[in-house]
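Here is a short report on one protein chain. Look at the fold first, then at the details.

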Amino acid sequence: MLIVHNPLQASHAGRHEMFRGRLVPCHETPERFEQVMAELARRPVGPMRTPLPGHEAADDARLARIHDAAYLAFLAGAWDEWLALDAANAALDILPSVWPNHGLRRDVSPLNFSARVGLYGFDAGTPITAGSWSAARAGAACAMDAARAVAAGQVRAALALTRPPGHHAGPDFFGGYCFLNNAALAAQTLRDAGAARVAVLDIDYHHGNGTQTIFEARSDVLTVSLHGDPRTEYPFYLGHADERGTGAGLGCNLNLPLPAGTGFETWSDALQTALAAVRAFAADALVVPLGVDTWEGDPISRFRLRSDDYLRIGAALGALGLPTVYTLEGGYAAAQMGVNVVNVLAGHLDQA
Ligand code: OKP
Ligand code: ZN
């Protein structure tokens, strides 16, 4: 198991997210990454590296295939625009507060900065800070590097320690703590390296709406997601069982929503359904957006998985026998997060 990490993750450190009328401390912190690294030092699973140099141009080209050019330009320039409004903004995070919903037009080109933030950001929980763009790009580079190593057969499986996470980010939107869709970039890298069919099996607590939107009309990438029922759980407005893909991609999206309170027995029944869909698709490679916010003690999620369950999850994924790239998504009980993530990897290695 190759681990690809990047110290630039630390440069994304949001201060606050909006929750029920208050600005509360961000759940998605650099400490999460550090806890995974610390557990990997205690229980090594294989080689560790930062992304190999020499692929910057190809990575940028692939970013522009998954995300819209205007969106990428917005992310790259947002912090400078923010500072240009008022130098005192350096001490504050950028958060959207107005959105083009409910009949308002998204096909306009606002000049106002707040209007541009709301054009691209879909919630008020995802702050943009001074280092967000560098961190997001570094995380995306980890995902693409991990996918290249797996595609080249250098390793059977790899984990990209992506922070910020990615599975809520779409072609032209950020939200859910995500800016660039690392899992989609890994899947596209595998495709570009010759895998004809790639399956994305998202096991984060939250529906991977960005990944679904990116691939919903494509038949070469299967997207499957196991998650809290969006009638009660974030991101609410996507992730329902009747979303099966569109156009050429019809039948290539599978959502398996589960009620809040779900424990491992029910969760693993749904995992079996997901694994059967991956096998039926005859995927050549697998991408797993890995969130451990399914853990019983997670502060913002409501499944009841226990730490030992992650060994069995990794084993079930490894038993598919596919070249596999994991990306790091959620998990907000930072102190337990390393154990849960490394359990998945250990289970995978045991079974693969
Ligand atoms: C990102 B990932 C909690 C509000 C929840 C967004 C959750 C994003 C989860 N007070 N806000 O999928 O783990
Ligand atoms: Zn999540």
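Two strands pair if DSSP finds at least two bridges between them. Helices (H or I, at least four residues) and strands (E, at least two) are DSSP runs, numbered from the N terminus. This is a predicted model: local features need pLDDT of at least 70, side-chain atom pairs count only at pLDDT 80 or more, and totals for chains, interfaces and linings use all residues. Residues are numbered from 1 along each chain as its sequence is written, while chains are lettered from A and ligands numbered from 1 in the order in which they are written.

Eight strands form an open sheet with parallel pairing, in the order 4-1-5-10-9-6-7-8. Strand 4 (48–49) and strand 8 (253–258) stand at the edges; each has a single partner strand, so one side of each lacks a neighbour in the sheet. Three bridges join strand 6 (residues 198–202) to strand 9 (residues 285–290) in the parallel sense. There, Val 200 stands opposite Val 287 in strand 9.

Helix 5 (residues 132–151) packs on this sheet. The strands that helix 5 touches are tabulated here.

| Strand | Residues |
|---|---|
| Strand 1 | 2–4 |
| Strand 5 | 157–160 |
| Strand 9 | 285–290 |
| Strand 10 | 324–328 |

The direction of helix 5 makes about 175° with that of strand 5. Axes are lines fitted to C-alpha atoms, for helices over the stretch in contact, and angles run from 0 to 180 degrees between N-to-C directions.

**A buried leucine**

Leu 190 lies in helix 6 (residues 182–192). Is Leu 190 buried or exposed? Leu 190 is buried, because 28 other C-beta atoms lie within 10 Å; the cut-off is 20 or more for buried, 12 or fewer for exposed, and partly exposed in between, with C-beta atoms placed from the backbone. Beyond its neighbours within four places in sequence, Leu 190 contacts Ala 147, Ala 151, Ala 195, Val 198 and Ala 285. Contact means C-beta atoms, placed from the backbone, within 7 Å.

**Helix 3**

Helix 3 (residues 69–85) has 17 residues and should span 24 Å at 1.5 Å a residue; its end C-alpha atoms are 23 Å apart, which agrees. The expected span is 1.5 Å times one less than the number of residues. Tyr 71, Phe 74 and Ala 78 are the buried residues of helix 3. They pack against helix 4 (113–120).

**The whole protein**

The protein has 10 helices and 10 strands. Buried residues make up 51% of its 352 residues. Along the principal axes, the C-alpha trace spans about 55 × 40 × 40 Å.

Technical notes:
Two residues are in contact if their C-beta atoms, placed from the backbone, lie within 7 Å.
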